[in-house]
Amino acid sequence: MAPKLPNIRYEHTPPVMSIAEVEQRFTPKSSLDLVTVAQALHWFDLPSFYDQIKWALKKPNGVIAAWCYTLPRVNGTVDTAIDRYYSVVSKPYWDPLRKLVDDEYRSVDFPFEAVDGDGETGPFEFVSEKVMDLEAFLQYLRSWSAYQTAKDKGVELLGSDVVEEFKRAWKSDEEGGDGKKIVKFPVFLRIGKVGEI
């Protein structure tokens with residue numbers, strides 16, 4: 001779904017690669033300025049991934065930026081429904097690695113130097129906002145890995161009772177009647193540079 005631009009190359013890589021494969025398929029040693037990881041660092045074999053990143057990034061200032069987002073916030077009523085859906089309805093279907101996201105990537109091993117010299121690699125907090133109607137919001141909930149895991153096991157997490165709860169919460173403070181709300185996603189960024197390794 002990312003835009004195709006002439007100066008960007010997108011690659012879908014296998015989950016495990018040797019450094020020789022990285023060099024052969026993607027990039028020579030010390031050639032990348034930036035590596036980004038969006039909502040996925042917690043899925044990686046971090047020691048292997050970090051070895052590859054340290055090999056591929058330009059020395060000493062190649063940058064790695066990894067971020068995650070936690071539960072969206074809308075308003076008190078919708079947030080209560082979101083929190084219940086997350087901590088009760090979907091909880092049995094989350095992978096244990098999801099705890100790293102709940103911890104806002106604070107406990108993720110991140111062996112890189114601070115970019116600006118203050119010694120901090122984060123997490124730094126931002127907020128991303130998106131205007132959504134209820135159907136778009138429910139579609140977002142269907143994108144959760146826990147939803148997909150449950151679905152693979154024959155369980156529908158967004159059953160009619162749960163959807164009704166979200167409908168009631170969504171309409172509880174409707175002002176304009178168009179059903180659209182600002183959904184705020186807290187984003188937590190870890191950023192560092194490779195240094196002189």
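Buried means under 20% relative accessible area and exposed over 50%, with partly exposed in between (1.4 Å probe, protein chains only). The views below come from a predicted model, in which local features need pLDDT of at least 70 and side-chain atom pairs count only at pLDDT 80 or more, whereas totals for chains, interfaces and linings use all residues. Residues are numbered from 1 along each chain as its sequence is written, and side-chain values use heavy atoms, with hydrogens and water left out.

**View 1. The salt bridge between K58 and D33.** A salt bridge is a side-chain nitrogen of Lys or Arg within 4 Å of a carboxyl oxygen of Asp or Glu, and by this rule the model has 7 salt bridges. In this one, the closest N and O atoms of K58 and D33 are 3.1 Å apart. Because K58 lies in the loop between α2 (46–56) and β2 (63–69) and D33 in the loop between α1 (19–25) and β1 (34–38), the pair ties together parts that are 25 residues apart in sequence. Helices (H or I, at least four residues) and strands (E, at least two) are DSSP runs, numbered from the N terminus. K58 is partly exposed, at a relative accessible area of 33%.

**View 2. The salt bridge between R106 and E104.** The closest N and O atoms of this pair are 2.8 Å apart. R106 is partly exposed at 46% relative accessibility, and E104 is likewise partly exposed, at 21%.

**View 3. The salt bridge between E164 and K167.** Here the closest N and O atoms are 3.6 Å apart. E164 and K167 are 3 residues apart in helix α7 (residues 160–171), so about one helical turn separates them. E164 has a relative accessible area of 37% and is partly exposed, while K167 counts as partly exposed at 34% relative accessibility.
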